[in-house]
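Subject: Structure handover and notes

Hello,

Here is the structure for your files. My notes on what was found in it follow below.

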Amino acid sequence: MNPDTEQQDLAEPYLGGLLASLGLDVHYSRAEKDTLFFREETGREVPVLDFVGGYGSTILGHSNPEIVGYAKELLDQGVPVHAQFSKHPYANELAQKINAVIRREFATTESYSAIFANSGAEAVEIAMKHAEFDRVARLTELAGEIDGNIERARAAVAAGAGVDGSGSYGRLATASGVSFGAAMEEVIAAVRAANAPRLAAAPVFLAPEGSFHGKLVGSVQLTHNAGFRSPFSALAAQCRFVPVHEPDALAKTIESVRRTVFDLAVDDGAVRVVEREVPAVAAFVLEPVQGEAGIRVFDRRTAEHVRRTCEAAGIPIVVDEVQSGMGRTGAFFAASHVGLQGDYFTLAKSLGGGVAKAAVTLVRASRYRREFELVHSSTFAKDAFSTSVAIRTVELLEADGGRAYQLAAERGSRLADMLRKLQQEFGTVVKEVRGKGLMLGLEFHDQSDSSSEVIAEQARAGLLGYLLSGYLLRVHALRVLPTASAVNTLRLEPSVHLTNAEIARLEAGLRGLLTVLRDQDGAALLQA
Ligand code: F0G
């Protein structure tokens, strides 16, 4: 190997440089519950209290002994991790367990089929793909019905019926240029020509403003942050971002993308041109607690409004629980707090117990197209290791009558109380404390007009949250990071094991940080 390249960092080298500049370039070598450890040059192991929680992947803590023990057991047994296209009873077991939770939390009897994935974005893309598969199938059914109606109209005209120039004939004429009083075959040709592009048009997805659903080719288009999304717009179907808290905004957006196709109807001895609605929207995709938008909880009224509006328009709802799910908010599904039963649910992050990469998309029976299973797969999804670990994770969450959910709610409210106390004390610095259970956000007032050059400059560059993270790490051995799209909000997603002493440690560190910000002491933020 060339000795020069050997010295170079080749693994996402730019990011490495950025981490270094923010003081976040620490290599953690061990993890336990809510603590990550790194080694100093002297060899001393330094504990860091972790509130990032693997971006929400460690609801049961880092290196959970029961999960790790079970993972070892599986590997020691020689479990065939990769045995694709064979029987996977454990996959059914996981689906059954999650279905039992859905039945309980949403008081429903409807079952959900499970499609397996490897990451959150992949689970979202499976929902997108399935919704589009379903939409295309409905379009095909619609086109078939129109073909049948055209044949009936043709037969009626052959038997002496006339073509009625009223109804939607005028709109067909405008769309296709066909004249009034044209022969039947010309009308049919006009209907087909006008319909073809309308049936073939790309689907539209809808999502609330601020949404984050991943960074793959399809899912990144559902991610509101333009920096992540815009360079890749040409690669996938587009999303309309809806200000869902404004009444009528959703209905207006749906109205703006409505499309019809032309059809022919025969009644009272006449052929009439009519219009039929096309399913233009593939799905409405939402997070019950928006993570990257700065931890924003969907309220019951908005959830109910979204549900009704989508139901009236026949639009399926994808509830993305990748970050909010798995007990973090005090229930397995955060959407259950507001009674929002999705047509689809996505789970990932903590599903793998903080050890495996596992994700799943659940599709409601009344929407499910089983042929989808023949057109979607992944080498790694549904493997015995990650799926079995996921089963054990769900079992641990469900154990003792759902003690983990109670812990998440209780620990979360204790943490939130502490943050609210700091908000009262530092009202000029802290703007808001938001969230539910162990999914909390601490928002700072904008600092771009700070009297400290350092603070103002970093705030204007959108890097203040990371600068604060660097300070908390170096000075207080606390690991806290901002949300991806709302960089003035620090996110706190510890595990259910969080102790009172750890909450007190966070309080002391945050008090130090808030004092620095209140005093506009930029130099202190840079202190080593
Ligand atoms: N959906 C939601 C709600 C998410 O928060 C994320 C990831 C994804 C989908 C994508 O999952 O990373 O496994 O592909 N959120 C990360 C975060 C980036 O910072 O919380 P992925």
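Ser63 lies in the loop between helix H3 (53-56) and helix H4 (65-76), and its phi is near 50°, a positive value in a residue other than glycine. Most residues other than glycine have a negative phi. Glu12 is another residue with a positive phi, about 40°, although it is not a glycine. Its loop runs between helix H1 (3-7) and helix H2 (13-22), and Glu12 is exposed, with a relative accessible area of 60%.

Some ground rules. This is a predicted model, in which local features need pLDDT of at least 70 and side-chain atom pairs count only at pLDDT 80 or more, while totals for chains, interfaces and linings use all residues. Residues are numbered from 1 along each chain as its sequence is written, and side-chain values use heavy atoms, with hydrogens and water left out.

Overall make-up

The protein has 17 helices and 20 strands; helices (H or I, at least four residues) and strands (E, at least two) are DSSP runs, numbered from the N terminus. Its C-alpha trace spans about 95 × 60 × 55 Å along the principal axes. Of its 528 residues, 52% count as buried.

Strands

Strand S1 (residues 28-32) and strand S2 (residues 35-39) pair in the antiparallel sense over four bridges, where pairing requires that DSSP finds at least two bridges between two strands. Tyr28 has Phe38 in S2 as its bridge partner. Two residues lie between the strands of this hairpin, and Lys33 there takes a positive phi near 45°.

An open sheet of seven strands runs in the order S4-S15-S14-S13-S10-S6-S7, with mixed pairing. Its edge strands are strand S4 (112-117) and strand S7 (238-242), each of which pairs on one side only. Neighbouring strands of this sheet are turned by 20° against each other on average, direction ignored; the axes are lines fitted to C-alpha atoms, for helices over the stretch in contact, and angles run from 0 to 180 degrees between N-to-C directions. S4 pairs with strand S15 (residues 359-364) in the antiparallel sense over six bridges, and Ile115 stands opposite Thr361 in S15.

Helix H15

Buried residues in H15 include Leu464, Gly465, Leu467 and Leu468. Just after H15, Ala477 takes a positive phi of about 50°.

Cysteines

How many disulfides are there? The count comes to zero, a disulfide being a pair of cysteine sulfur atoms within 2.5 Å. The sulfur of Cys239 has its closest cysteine sulfur in Cys310, 12 Å away, so the two are too far apart for a bond. Both cysteines are buried: Cys239 has a relative accessible area of 11%, and Cys310 has one of 1%.

Pocket and cavity

The second largest pocket has a volume of about 840 Å³. Of the 31 residues that line this pocket, the closest to its centre are His88, Ala114, Phe116, Glu373 and Lys382. Helix H5 (89-106), S4 and helix H12 (372-375) each supply at least two residues of the lining, and the largest share, six residues, comes from H5.

The structure holds one cavity of 30 Å³ or more. The largest cavity has a volume of about 40 Å³. Among the residues that line this cavity are Leu94, Phe116, Ala117 and Lys382. S4 and helix H13 (384-425) are the elements that give two or more residues to the lining of the largest cavity.

On terms: on a 1 Å grid over the protein atoms alone, a cavity is a set of points where a 1.4 Å probe fits but cannot get out, a pocket is an open set with protein on both sides within 12 Å along at least five of seven lines, and lining residues have an atom within 4 Å of a point. Grid points are joined across faces, edges and corners, and a volume is the space filled by probe spheres set on the points.

Regards

Note on methods
Buried < 20%, exposed > 50% of the residue type's maximum accessible area, 1.4 Å probe, protein only.
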